[in-house]
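I opened a notebook for this structure. These are the things I looked up, in the order I took them.

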Amino acid sequence: MPESVPNAFVELEDLAFHEGVPVLLRRALGPLKPSELLEVHGDASEFVENLQAWCRKEGHAYRGAGKAQGRHLIEKGTVDRSVTRPGPEVKEAAKPAWGLAPRGAAVELGGPEFSFPLRQKREVWGQELHTIYSRAASNQWAAAKDIPWSELPKLPAEVEGAVCQVMTFLTENEFAALYVPARFLARIHPHYREVSAVLAMQVADEARHAEAFTRRAEEGGVGLGTTAASSQLSLQTLIEEPDFSTAVFLLCVMGEGTFLSLLKFLEERAPDPVTACLMRLAHRDEGRHVAFGMEHIRYVTILEPARRATFAAAVERRSQMLASVSGLSPYVHDALVVYCGGGVQPAQIRRGASFVADLHREMDRARRERLQALGFSGQDAEALSAYHTKNFM
Amino acid sequence: MANSKQAADGGVLRVGAVAYDPKVITIWEGFKLYFEGRGTQIDYVLYSNYDAQVNAMLSGAIDVAWNSPLAWVRSQLDTNGGCRALAMRDTDRDLTTLVLVRKTSGLAALADLKGKTVAVGASDSPQATLIPLEMLASAGVEPGKGCRVVYHNVMVGKHGDHVGGERDAARALAAGHVDAACLLDGNLPLFINEGTLDPGTTVVLAKTPPYDHCNFTARAELPAARYQPFVDGLLAMSFEDPRVRALMEMEGLRRWLPGRTSGYDQLERAVKRFHFYA
């Protein structure tokens, strides 16, 4: 039998097993190939007994004492903790067994398979995700410290009531905008962490908006207004959309896109500096959500131009489901008129109604512009914009 | 034997296992699925103790028994060597038992245990009782006569599968109630890490020669066509297969090896010397 020449050596001195011998053994055995020999030297009491038991448990073979006193030979086992290295680049498809491993990490084989249904790049990806996420992370604001609550004036009762009704409507919509990404977050494979990160920031943004808008309603002493059945019906059709890209299209492009016009309008016509500040900060956040929607839908439609037709069909389908909803809820419409008209005198109402009509035109114009930027024809963009829910989101 | 014929005729291979822990169900449900995936139909039958399982195997109620070493020895005794060891875990080979004493005891050799008290595990534990007591007896310290034996009977009938008996023996040593304790080599670091034994307070007085532990046992007359797909499936089981990885970790192995029968002589001598099945 040929003499066994060790492939590696590790000096353990008087280190005992309970003091960490396995750490050094695993480090020394790691680079060896199966069946290669590691020579170890150790002086601790019960060293050989512990070494033998450890080798058996770990699948290595104890090959007896070495030539010198206190030296022992270990043959590396054939069962290794094998790993796969998927690499740091974003793959077209993520394997279920990569699970929660960060992209770029080595993944030990034999782990469980995770059921992340959205695990193809084409299903979730978009350009500029990192930029969108970075802006979101650095633009976080807090209702408690970034809003000048002390500057809230005492508004005429009818105007304060209108502000509160608008805040109620905004909050309902922010809930929908929170739940839609939240529903999909847990379904997206962590390999596409940039998508998860952007959606997580959206969820956090919407939670903050809901808190701040509710506080604005309460701060003036009137409190929240009424949630209309028609608004709820409209939002239900949004949060129940099962397809990710369709949901992103409906929420981020069509809904939040429309909200950009609304928030800008509410900032410009705000009756007080607190409401104006809230609308400005919310508008900045919603701009990022729309940017994500645009990037994702652009990515999807470049790969599959036919998806435009399915998105269009989704808007039409939603419109048919909302056939009973003839227009914007009267609660919201009336509140908007009073909000921007400044009161309930006929002249104020005339002024307010005119502003709200302008708002509808601006929303339509901006929607058509975004749709055309995504490759829809002018005619399709016009039709889709007209089909979009009268409740804005 | 009617039962034997029945088991042989049925397509499903019936495998017995002793339910020493609730995880046994998880393991065998998983193995059953794994074998199903290979086109091998098995079912498992759980027993509360090894004697009942050996009886079932000998009567043909089950085809294969996942046996403790003592259950294997009994199966061989009852059939005059008419059983076959089909497969075993990599961790079933070359175990040793340590006889541990306190560092300050002044005890230096097995013979020094004459007149002393020795803690062992359950009365039917091969590793923590029968094999080390056989070593003591061979060294001239007859258990019960040359030394006092304190048993720690946790789950008798399960042949020491539960570590509790050994832990109690180690505790008795640490507390100074006994002079020596017998435990499986792999349990020494476990007991030190979990705090049952303080590091540096004990020394190994003696160590048994290596012996083997569990195996899948079948009666020799069971046709190879019946058990071979099962054995092939065991040997093909991979630690890198996510379907079985967790099951193998629970069962305490990295891979299955063919059965071997060369590692049971110490236990056979102990069973004979102590008239265990007399």
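**Entry 1: a helix pair in chain A.** I began with the crossing of α7(A) and α10(A), which is left-handed. The model is predicted, so I keep that in mind throughout. I then looked up the stretches: helix α7 of chain A covers residues 193–219, and helix α10 of chain A covers residues 273–303. Their axes come within 11 Å. They cross at roughly 160 degrees. Because of that angle, α7(A) is roughly antiparallel to α10(A); the cut-off for this word is over 145 degrees.

Which residues in α7(A) meet α10(A)? I listed A:V198, A:Q202, A:D205, A:H209, A:A212, A:F213 and A:R216. Facing them in α10(A) I found A:V274, A:T275, A:L278, A:A282, A:D285, A:H289 and A:F292. I sorted the residues of this contact by kind: seven are nonpolar, four polar and three charged.

**Entry 2: confidence.** I checked the scores next. The model has ipTM 0.80 and pTM 0.78. For chain B the mean pLDDT is 94, and 96% of its residues reach 70 or more. One stretch stands apart: residues 1–8 of chain B have pLDDT below 50. Beyond near neighbours in sequence, that stretch has 13 contacts in the model.

**Entry 3: the domains of chain B.** I looked up how chain B is divided. Domain 1 takes 2–92 + 213–273, and domain 2 takes 97–207. Over C-alpha atoms, the centres of these two domains of chain B are separated by 29 Å.

**Entry 4: where chain B touches chain A.** I turned to the two chains. The contact joins 22 residues of chain B with 21 residues of chain A. On the chain B side, α7 (187–194), β9 (202–207) and α9 (242–251) give two or more residues. Which element supplies the largest share of the side of chain B that touches chain A? I noted α7(B), with four residues. This side of chain B divides into nine nonpolar, four polar and nine charged residues.

How values were computed
Residues numbered from 1 in each chain as written. Chains lettered and ligands numbered in written order. Predicted model: local features only at pLDDT ≥ 70, side-chain atom pairs only at ≥ 80, totals over all residues. pLDDT = per-residue confidence, 0-100. Contact = placed C-beta atoms within 7 Å. Domains from an automatic or database assignment. Nonpolar A, V, L, I, M, F, W, Y, C, P; charged D, E, K, R; others polar. Axes fitted to C-alpha atoms, helices over the stretch in contact; angles between N-to-C directions. Parallel < 35°, antiparallel > 145°, perpendicular 65-115°, else oblique. Left-handed = near helix turned anticlockwise from the far one by under 90°.
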